[in-house]
Amino acid sequence: MAEAAGDAGLGPGPGPAPAQEGAELAAVIGATVPTGFEQTAAEEVQEKLGSASRISRDRGKIYFAVPARSLPQVHRLRSVDNLFVVVEEFKDYQFKENKEDALKDLEDLVKKLPWTDPLKVWELNNSLKKKKTKRKKHSLQSPASREKLSDGGEEGGADQKDTNDQEDCAQNIAGVEPAGSQDTEKPQEVASQNGGEEEEEDNEQLDARDEVQASSGSGTKAGDGQTAEEEVKVLKFRVTCNRAGDKHSFTSNEAARDFGGAVQEHFQWKADMTNFDVEVLLNIHNNEVVVGIALTEESLHRRNITHFGPTTLRSTLAYGMLRLCDPQPTDIIVDPMCGTGAIPIEGAAEWPCCYHIAGDNNPQAVKRAANNVCSLLRKNESKDSSTALGVPLDIIQWDICNLPLRTGCVDIVVTDMPFGKRIGSKKKNWDLYPACLMEMGRICTPGTGRAVLLTQDKKCFAKALSRVGHIWRRAQTVWVNVGGLHAAVYLLRRTWERAEERRSFW
């Protein structure tokens, strides 16, 4: 990957005529997703946005078309990392063999691209982010919010009083969602939580509709209502080039540099590699070229975790693993090696009608997970400061090989198993993996139980699975990239055979 800055602004520049007045602004959105979970992301887009997706030949990307007013829902997708609006896509771009000629073609390409509508989408996306930030500030300044802060401590206490929070959360985590008590109040709690989310969604939807109407029929220049100071403001930008393939005569740096120089000349924006307003993307995969404009400043997987451990799982990957096992309402979902709690927290946020149990043998990991749940509760409170919201999740310290759960009481097990690198060792995995699979088989419901397990120690896992083949049957394998490591996510289905309490494996 390479980056180059260049000067360009939402100023003049040739391009296709904007959509006719009254026509709805639409966009082709590109999304980066965890490698291996492209189909899962496409299914989520179809389910939540009603749009069909195309999976790129370049792994880890999908493309789908949506009306611009749907941008708020696009940002709420759980399976995508980064978003960008597509300016133009070339499925079979012919690069010249000579480096100078190939780079000159990229420079000339800038003037031919249809920048107008994608830049409108970028402007709309920016205005929605600013309005959302204002709403958050207003929510924090509301009387109910101030009262809660005065009762519960200063705002941002997680950062200022981390030690106290750890103690409080560790002591009170069992009370996050009372099990079996106040049954009549639970539907109201869920309804109020959903109501807060629906209200926020409605606000964002109205904002998007207003912005689309305001920008309809206008070009990329500043509107008449803007001040002269806003009109003369020059945007800052950079170009980021991602290139894959061994038949190119140029490097990523060279492509980004020359393409960025042409963008700078075309738009008259100001170059800035770090404090930029617009990030232009140049994605080259063999002969496939996609030019886009970034819609996210940081990855959307940074949404749940505030207290990190040595091997914290990305929330987008956690979502893909959970979706793979198809949770149903009232399912009991267990993560027996939860670490910082990325999987159960994602599960509780997206599948609130299931009950999630997380545990780890490391007391520090349990504290981190408890603090992350507390952060999620504070986040929920800020959405609707008048109601205290809970999450259907408990966190426990336990031994993975001797879980304090009844035989056959669990519907789903989802966990990130030790790779044997940063935590544990490959040698220990040879004993740990078969013992874990046996204990997971004991607690899972025969016939209907399933497990989704992530590991990079594939050889050890395959050996362990062959030893417990009487209780677990492999249904699917998804190959993923985790921090540069080639790992696998296994979907296992529980057989009807009874699991033995203890057994010699080797």
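This is a predicted model: local features need pLDDT of at least 70, side-chain atom pairs count only at pLDDT 80 or more; totals for chains, interfaces and linings use all residues.

**Entry 1: Val80**

I began by asking which residues Val80 is in contact with, once its neighbours within four places in sequence are left aside. My list came out as Ala31, Thr32, Val33, Leu300 and Thr316. Val80 itself sits in the loop between α2 (71–75) and β5 (82–90).

**Entry 2: Ile293**

Gly30 turned up again when I moved on to Ile293. These two are 263 residues apart in sequence, yet 9.5 Å apart in space, C-alpha to C-alpha. Ile293 belongs to strand β9 (residues 288–294). With 0% relative accessibility, Ile293 counts as buried. What does Ile293 touch, if I don't count residues up to four places away in sequence? I found Phe84, Val85, Val87, Trp115, Pro118, Leu119, Trp122, Val278 and Glu279.

**Entry 3: the whole chain**

Time to zoom out. I counted 15 helices and 16 strands in the chain. Of its 506 residues, 49% are buried. I then took the contacts between residues at least 6 apart in sequence and looked at how far along the chain they reach. In 80% of them, the partners are at least 24 apart.

**Entry 4: α11 with α12**

Next up were pairs of helices. Helix α11 (residues 315–324) packs against helix α12 (residues 342–350) at an angle of about 70°, and their axes are 9 Å apart. Angles of 65 to 115 degrees count as roughly perpendicular, so α11 and α12 are roughly perpendicular to each other. Their crossing is right-handed. On the α11 side, I noted Ser315, Ala318, Tyr319, Met321 and Leu322 in the contact. On the α12 side, I noted Ala342, Ile343, Glu346, Gly347 and Glu350. Sorted by class, the contact of α11 with α12 has six nonpolar, two polar and two charged residues.

**Entry 5: α1 with α11**

I stayed with α11 and looked at helix α1 (residues 38–49). Here the angle is about 80° and the axes are 10 Å apart. That makes α1 roughly perpendicular to α11. Thr40, Glu43, Glu44, Glu47 and Lys48 of α1 make the contact with Tyr319, Gly320 and Arg323 of α11. The contact of α1 with α11 has one nonpolar, two polar and five charged residues.

Then I checked the loop between α11 and β10 (332–335), where Asp326 has its place. The phi of Asp326 is near 50°, a positive value in a residue other than glycine. Asp326 is partly exposed, because its relative accessibility is 47%. Thr330 lies in the loop between α11 and β10 too. Thr330 isn't a glycine either, but its phi is positive, about 75°. At 64% relative accessibility, Thr330 counts as exposed.

**Entry 6: α3 with α10**

Another helix pair: α3 (residues 99–112) and α10 (residues 252–267). I got an angle of about 35° between them, with the axes 8 Å apart. α3 passes α10 in a right-handed crossing. From α3, I listed Lys99, Leu103, Leu106, Glu107, Val110 and Lys111. They meet Glu254, Ala255, Arg257, Asp258, Phe259, Ala262, Val263 and His266 in α10. By class, that contact has seven nonpolar, one polar and six charged residues.

**Entry 7: α15**

My last stop was helix α15 (residues 458–467). Which residues of α15 are buried? I found Cys460, Phe461, Ala464 and Leu465. They cover an arc of only 130° around the axis, which puts them on the same side of α15. I jotted down a reminder that an α-helix has 3.6 residues a turn, so residues three or four places apart point the same way. On the face of α15 turned away from the buried side, I found the exposed residues Lys459 and Ser466.

Definitions and conventions: Residues are numbered from 1 along each chain as its sequence is written. Side-chain values use heavy atoms; hydrogens and water are left out. Axes are lines fitted to C-alpha atoms, for helices over the stretch in contact, and angles run from 0 to 180 degrees between N-to-C directions. Helices (H or I, at least four residues) and strands (E, at least two) are DSSP runs, numbered from the N terminus. Angles under 35 degrees count as roughly parallel, over 145 as roughly antiparallel, 65 to 115 as roughly perpendicular and the rest as oblique. A crossing is left-handed if the near helix is turned anticlockwise from the far one by less than a right angle, and right-handed if clockwise. Contact means heavy atoms within 4.5 Å. Ala, Val, Leu, Ile, Met, Phe, Trp, Tyr, Cys and Pro count as nonpolar, Asp, Glu, Lys and Arg as charged, and the others, Gly among them, as polar. Buried means under 20% relative accessible area, exposed over 50%, partly exposed in between (1.4 Å probe, protein chains only). The arc is that of the directions from the helix axis to the C-beta atoms.
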